[in-house]
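This report covers a pair of packed helices and a few individual residues. The sequence and the structure come first.

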Amino acid sequence: MPADFPVEEPARRVNVPADAMGAYSWDRSFRLWDTYFALIWLATLVFVLGTGYPEWSIRVTAAALLVPLVPLFVRVGRPLLRQDPPLGREALLYLGAMLALFLPSAILVGETRLMTFALVPQCFMTLRMRWALTAVAVINLAPVVGWALVWWPSDQEVFFNGLFAVVTLVFSVAVGSYVIRIIEQSQERAALIAELDASRHEVSRLSAAHGALTERERMAREIHDTLAQGFTSLLMLVQAVEAELDHDVSQARRHLALMDETARLNLAEARALVADGTPADLEGSSLPDALCRLAARHAAKLDVTGQVRPLPAGPEVVALRSCQEALTNCRKHAGSAAAVGIGLAYADDSLTLFVRDDGHGFDPGAVHDGYGLAGLRARAAEAGGTVRVHSVPGDGTTVTVRLPIPPPRSCS
């Protein structure tokens, strides 16, 4: 074997994940290849021993050279062929040993050439294409040349054996190249399937992460619009009661009753959040009734216009939460003396909520910290609605929430 013979790995191999290799038909059906090799080897041995020429001792010698091919294949070749890609130097040593046993036997007895059908596929499976073609040419042509030089048969026998060797060579190259292309496509498709499967798992993971983030944002809005506001109200009422205990006991008692109502409402809201149910204010009542109670707690006036009718839970919850958020902002920023009005307008295809105050106002274009308005806009957007905030410093604020709703049913 020339020292400069390259030992590069076959170019046709496609690197794929180890778990994808189990999907290859070739890998799953390797026992079929074992059976094929065994049948070719056994048939060759029978032909070598059963032919009438040359003499018996030479045929036994040729058969003896074929016997080591079996353990060589089982111990070295089979594990080598299952690698992807096979190690170049080991593949060369293995094929060199196979040829060292095959060629002398094929030169001594022409029937040994049947073993070509088991050796040629291994060349394509372990070598780069150009070197596989070279090895195939040696396997097909060298036995005929050696046989002719040793036995000096007739010209006719040399012609027919040479023609058969050339035809076998062409057939081996054509079929081997075609099969290798099929294996390449199969491996590329397996690699693509493995990549798509990995992408699917990544998309699933990202979807789960996005779902968790969305749920956290939803819970943050719910807590901000319900429990946080209720606790804020309780703190303000506690401060009011502390200031009134010494000089206005009746007012303090009224605020204590309001604290009790607010605490009970907060508890109901917490239970509704855990159960993912209807907000406590909407439980068993209409949206205008819920807003009326909310307006009473914040000393605001409520004005309802249009045809009041039951609506799906989605728009009613958004309207209620939006009103809670707007009233909380009024209490925080407009001042305790600011007058607050709530408007609820039913139209055929929309529900509009207005919350107005005549407090200090602010610049809507300025950057504001906090979650309130951003959460309000996000909640309305999820329901397909819009939020508009109009405010001028020193001239109050108006928050308008417009939500799409189903049109009223016509009675006919």
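The crossing of helices α6 and α7 is left-handed. The residues in contact are Ala-91, Tyr-94, Leu-95, Met-98 and Phe-102 on the α6 side, and Thr-116, Leu-119, Gln-122, Cys-123 and Thr-126 on the α7 side. By type, this contact has 7 nonpolar residues, 3 polar ones and no charged ones. The model is a predicted one.

Two packed helices are described by the angle between their axes and by the distance between those axes. For α6 and α7 (residues 116–126), the axes come within 11 Å and cross at roughly 165°. Angles over 145 degrees count as roughly antiparallel, so α6 is roughly antiparallel to α7.

Helix α6 (residues 88–108) also holds Gly-96. Gly-96 counts as partly exposed because its relative accessibility is 26%. Ala-135 is 39 residues from Gly-96 in sequence, and the C-alpha to C-alpha separation of the two is 9.7 Å.

Two loops contain backbone features to note. In the loop between α3 (30–50) and α4 (56–66) lies Pro-54, and the peptide bond that joins Tyr-53 to Pro-54 is cis, with omega about 0°. Trp-152 is placed in the loop between α8 (129–151) and α9 (155–225). Trp-152 is not a glycine, yet has a positive phi of about 45°.

The relative accessibilities of two residues are set out below.

| Residue | Relative accessibility | Class |
|---|---|---|
| Gly-96 | 26% relative accessibility | Gly-96 partly exposed |
| Trp-152 | 68% relative accessibility | Trp-152 exposed |

Terms used:
Residues numbered from 1 in each chain as written. Predicted model: local features only at pLDDT ≥ 70, side-chain atom pairs only at ≥ 80, totals over all residues. Heavy atoms only, no water. Helix = DSSP H or I, 4+ residues; strand = E, 2+ residues; numbered from the N terminus. Buried < 20%, exposed > 50% of the residue type's maximum accessible area, 1.4 Å probe, protein only. Axes fitted to C-alpha atoms, helices over the stretch in contact; angles between N-to-C directions. Parallel < 35°, antiparallel > 145°, perpendicular 65-115°, else oblique. Left-handed = near helix turned anticlockwise from the far one by under 90°. Contact = heavy atoms within 4.5 Å. Nonpolar A, V, L, I, M, F, W, Y, C, P; charged D, E, K, R; others polar.
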